[in-house]
Amino acid sequence: EMVAKNFEAHVRNKKSRSINDKIQLFLDPEPADKELNKKVSNLKIAFDRTNATKNTILETSKKYVNSCTAIYEQAIVDGKYVGSDTWSFFKNKVKDYCIDDDYRNIVVILTDGYIYHKDNKRREKNRTTYLTSETIKGFNLKISSWKKNFDKKDYGFLPVNQNLESLEVLVLGINPNKKNPYEEDVIKEYWAKWLTEMKVKRFDLKRADLPSHLDKIIKEFLAIKKE
């Protein structure tokens, strides 16, 4: 909802002739439920000078609230946790789905910081397609000298060989295991190394926080300004 509301503010603060903005939601893997998939598809919204009225713009966050609530409720009813294939999304989809020429392209990722999907658990040397609290513990990245070990043994996500220099990424909701005082630092290092290797233009990594604090973070990252 906060992302959608900031998108609304961004569009409303533009002059009518300069409006050419898009927002959409991605879930990976896609829901098996057809009705749920339809709700996700309806969140692909575009505004230009022909359809951007105050009322249509302000419908954006309402649509996101209703659809995202349905998604969460379905996930609870389903009760089958398979994970989210963030690694494959960046490898196979982000360039086609999230980057358009002549746009400022921003991806906001809602995550606890860990990456895991039951059908994508690959490891090559010390690079993986996944990151869990167990991974961090197994790689001995739970001690004060974790960074030295991380660099020496080249831990990190498997590279996806993408050049995403026209993409900006905001990662929200990092929620580390509190049993390891270095867990948050390790998670952020994994993400930072991976995004840097993909040549992402700009990124920021933020932990789970109060909605008011996250709203401020989103505003600052989007740097909404009146034109």
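Which residue of E10 stands opposite Ile174? Arg207 does. The legends below describe a predicted model, in which local features need pLDDT of at least 70, side-chain atom pairs count only at pLDDT 80 or more, and totals for chains, interfaces and linings use all residues. Residues are numbered from 1 along each chain as its sequence is written, and side-chain values use heavy atoms, with hydrogens and water left out.

**View 1. The open sheet E4-E9-E10 has three strands and parallel pairing.** Helices (H or I, at least four residues) and strands (E, at least two) are DSSP runs, numbered from the N terminus. Two strands pair if DSSP finds at least two bridges between them. Six bridges link E9 with E10 in the parallel sense. E4 and E10 are the edge strands, and each has a single partner, so one side of each is left without a neighbour in the sheet. From one strand to the next the twist averages 10 degrees; axes are lines fitted to C-alpha atoms, for helices over the stretch in contact, and angles run from 0 to 180 degrees between N-to-C directions.

**View 2. Helix H9 lies across E4, E9 and E10.** H9 runs at about 170 degrees to E9. The helix covers residues 211–222, and its twelve residues should span 16 Å at 1.5 Å a residue, which agrees with the 16 Å between its end C-alpha atoms; the expected span is 1.5 Å times one less than the number of residues. Just after H9, Ala223 has a positive phi of about 50 degrees.

**View 3. A second open sheet has the order E6-E7-E8, with mixed pairing.** Strands E6 (123–124) and E8 (156–157) are at the edges, each pairing on one side only. E7 (residues 127–128) and E8 run parallel and are joined by two bridges. Thr128 stands opposite Phe157 in E8.

**View 4. Cys68 and Cys98 are too far apart for a bond.** A disulfide is a pair of cysteine sulfur atoms within 2.5 Å, and the count is zero. The sulfur of Cys68 is 15 Å from the closest cysteine sulfur, that of Cys98. Cys98 counts as buried, at 13% relative accessibility.

Methods
Buried < 20%, exposed > 50% of the residue type's maximum accessible area, 1.4 Å probe, protein only. Contact = heavy atoms within 4.5 Å.
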